[in-house]
Amino acid sequence: MSDSLILTIIIVAVVAVVAIGVIAFVTKGRKPKTPYTSERDADDLPTGQSAEGDTDAAADTAGASDAPVVVQEPAAPAAPQLDVPEPVQGRLARLRARLTKSNNMFSKGLLALLSQDSIDEDVWEEIEENLLMADLGTEPALELVDALRERVKIEGSKDPARVKAMLREELLKLVDPSLDRSYLPEPHPDRPSVIMVVGVNGVGKTTTIGKMARVLVAEDKDVLLGAADTFRAAAAEQLATWGDRVGVPTVRSEIDGADPASVAFEAVSAGIDQEVDIVMIDTAGRLQNKVGLMDELGKIKRVVEKKATIDEVLLVLDATTGQNGLQQAKVFSEVVNVSGIVLTKLDGTAKGGIVVAIQRQLGVPVKLVGLGEGPDDLAPFNPEDFVDALLEG
């Protein structure tokens, strides 16, 4: 073999070895594409690919880094649904059936006695006893009996319809339609009207204030509540819950046993700042035989009056307590000048005559009555509807 052939073979071999080495080096330097460095879920897509299978266009959008980014705000929580109180007009008429049911025996007994063919002295005594059992009070009962005696004697009618008409007229005189039963204080140009609500423990005072707030909202009034009952656990929470149902704010203290007068003062101040129509102040369920607690009521009244006048003082009474409620009413009236009565629980075992007895002894009108447990079972007192309910049966 010639030297030139051997040289050619060597050159070809060297070139082949070099080519193989270059190819191996290049192949070794290329890494496979690894879009995820950690384990991925079955629905994850490789980097650069969209859900539709399109490749990433990062190279084409390299100059679009300043494009605006749209951030979707989370949806605002829905506003709480507020209760819509029932209209005030006609409430007592709607609830009259309950009052009628609780006083059937009263009306039936009286009408039966007055419709007898012969009404002697024994019958009149029985009529008087019926009236006293209805919590009418001794003086009003005697007045009613005397008036009926005179009319029966003059007219001599035994017709049940006529007897019922006479009884209605005389009862209406005792209930006294002439009394001012307005429960909405006159508005002031520069400050809200202030209603202070008082009453002993157990009469449903805080609940009554909550129901009154519904009555006022139904009358299109802006209302603010002041939780000055700081001695009873959860009283402020209870009041705030009633207010929240109809969108009425409550001023309260976070400190148990806080000064009630201070809370009342802050409530009136907030009412002025917020330009509300009416501020209603809840007070502790005072026991009328505890002088210190009664003094606290007087203090609340004095402190509030440094900021605004108290236009109305409503005393909440439980109708089922009967004549005992009169003693409570007297003491409260002496301390805070009660201007109106809210009579709760007038259905059930309550005796309708308590309305007359309270008004007669205090000279203060019954302005609202509660006839049930429902949120709208508080109604402005209407003498005609009330007497009609007493006599229906």
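Trainee: Which residues are linked in a network of salt bridges here?

Mentor: The network joins Arg151, Glu155, Arg162, Glu169, Glu170 and Lys173, where a salt bridge means a side-chain nitrogen of Lys or Arg within 4 Å of a carboxyl oxygen of Asp or Glu. Bear in mind that this is a predicted model, in which local features need pLDDT of at least 70 and side-chain atom pairs count only at pLDDT 80 or more, while totals for chains, interfaces and linings use all residues. Residues are numbered from 1 along each chain as its sequence is written, and side-chain values use heavy atoms, with hydrogens and water left out.

Trainee: OK, and how far apart are the closest N and O atoms of Arg151 and Glu169?

Mentor: They are 2.7 Å apart, and the pair links distant parts of the chain, with Arg151 in helix 5 (residues 138-155) and Glu169 in helix 6, 18 residues apart. Helices here are DSSP runs of H or I with at least four residues, strands are runs of E with at least two, and both are numbered from the N terminus.

Trainee: Is Arg151 buried or exposed?

Mentor: Arg151 counts as buried, at 17% relative accessibility, whereas Glu169 is partly exposed at 33%. Buried means under 20% relative accessible area, exposed means over 50%, and partly exposed lies in between, using a 1.4 Å probe and protein chains only.

Trainee: What about Arg162, which side chain does it meet in a salt bridge?

Mentor: Arg162 pairs with Glu155 at 2.9 Å, N to O; Arg162 is partly exposed at 28%, and Glu155 is partly exposed as well, at 36%.

Trainee: Switching topic, where is Asp318, which meets Lys345 in a salt bridge?

Mentor: Asp318 belongs to strand 5 (residues 312-318), while Lys345 sits in the loop between strand 6 (340-344) and helix 12 (354-362), 27 residues apart. Their N to O distance is 3.3 Å, and Asp318 is buried at 9%, whereas Lys345 is partly exposed at 33%.

Trainee: And how many salt bridges does the whole structure have?

Mentor: The search finds 18.
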